Amino acid sequence: MNQTSTAQQILTVQQHILQEQKRFPGASGEFSWLLSGITLATKLIQAKVRRAGLTDIIGEQGEVNVQGEVQQKLDVYSNDVLAHCLSVRESIGVLASEENENPIIVHKGSENAKYAVIFDPLDGSSNIDVGVSVGTTFSIMKRPEDAALNDPEKWILQPGSAQVAAGYVVYGSSTILVYSVGNGVHGFTLDPAVGAFMLSHPNIKMPKQGKYYSVNEAYRDTFPEQYGRYIDSLRRGDLGKPYASRYIGSMVADVHRTLLKGGVFLYPETKSNPDGKLRLLYEANPIAFLVEQAGGQALDGTGRILDIQPDSVHQRTPIILGSPTEMEAYQSICSQQC
Ligand code: P6P
């Protein structure tokens, strides 16, 4: 293989971010420095996830988080690592995490602090003890002009369409970082031998149609009616062949498959979660940003996820996201039902 093709082949996420950085006028490397905080933290997290069964890190921390969920030890570790790696980036003024009740102000008063990072440090953590894929999600917002440095909620309570970047890391059979700065979606696989995320999925585009639907059917009887009709139409083969069901119960893993293979993922409102289960700011918004950048759609059942004006940091939302064909079929059913 000649030198040029080898050089073209090997592109790390740092090199890619620097290239993408050029899209941000005046961003003097601070954006790539910010994103390197995320890549460093997720490398440290993946090292623990890979060894969860071997060290005394598995199992419950015992504390209950703001969501009322028993914190797994890896949740706590992941949250601390992300907070540490990001808080030393001068360009970040606010951090908001699924694990913390309130947003954290970092670099009080620094004029350089212009970004807020909102994250779920370890989504799907209840699956850790049984070896199922888990993930980290992140969303990056720019401080609104009228947001005071000491008003962190104003930095983050913006519609998802205001995100300047978003992504996730899925800790599965391999560790894959998927991110977008609004110029397409790109995936990087961690090469554990060198400790670098290498470009493996350039410019991800969702297939126009897939063959899987992904939902927890145990709650089907309490979904709003249009979802039952929609699932029946997929199973019946109204879109061509009858669909198969794939549900891992770890959002990042289910979304990653849907992004690459097409199809539809949905977590509607249910009796026990009347506003939906997934959180808007650090789960629905980042994945909706990626899904739209990859040519798909992400709705809260009737409207675009990215148009929702958030009221609170931990608010939840119903979500249905997928390929053009499946989303068009849903909206057609919904036009008669919703
Ligand atoms: P259920 C994991 O706890 C999570 O927050 C998401 O990762 C996942 O999609 C969802 O909950 C699974 O919820 O009710 O199907 O177990």
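**A strand pair and its surroundings**

Mentor: In this predicted model, V117 has its bridge partner in β6, namely I140.

Trainee: In which sense do strand β5 and β6 pair, and over how many bridges?

Mentor: Strands of a sheet pair through backbone hydrogen bonds, either parallel or antiparallel. Strand β5 covers residues 115-123. Its pairing with β6 is antiparallel, and the number of bridges is seven.

Trainee: Which helix packs on the sheet and touches β3, β5, β6, β7 and β8, and what angle does its direction make with that of β7?

Mentor: The helix spans residues 280-293 and is α8. Its direction and that of β7 make an angle of about 100°.

Trainee: Is S139 buried or exposed?

Mentor: S139 is found in strand β6, which runs over residues 134-142. Its relative accessible area is 0%. The cut-off for buried is under 20%, so S139 is buried.

Trainee: Which side chain does S139 join in a polar contact?

Mentor: Leaving aside residues up to four places away in sequence, S139 touches A116, V117, I118, Q163, A165, A166, L281 and P286. One of these makes a polar contact of 2.8 Å with the side chain of S139. The partner side chain is that of Q163.

Trainee: Which are the edge strands of the open sheet of eight strands?

Mentor: The order is β4-β3-β5-β6-β7-β8-β9-β10, with mixed pairing. An edge strand here pairs on one side only. The edge strands are β4 (104-105) and β10 (196-201).

Key. Residues are numbered from 1 along each chain as its sequence is written. This is a predicted model: local features need pLDDT of at least 70, side-chain atom pairs count only at pLDDT 80 or more; totals for chains, interfaces and linings use all residues. Side-chain values use heavy atoms; hydrogens and water are left out. Helices (H or I, at least four residues) and strands (E, at least two) are DSSP runs, numbered from the N terminus. Buried means under 20% relative accessible area, exposed over 50%, partly exposed in between (1.4 Å probe, protein chains only). A polar contact is a pair of N or O atoms within 3.5 Å; within protein, one must be able to donate a hydrogen and the other to accept it, and residues adjacent in sequence count only if both atoms are side-chain atoms. Contact means heavy atoms within 4.5 Å. Two strands pair if DSSP finds at least two bridges between them. Axes are lines fitted to C-alpha atoms, for helices over the stretch in contact, and angles run from 0 to 180 degrees between N-to-C directions.
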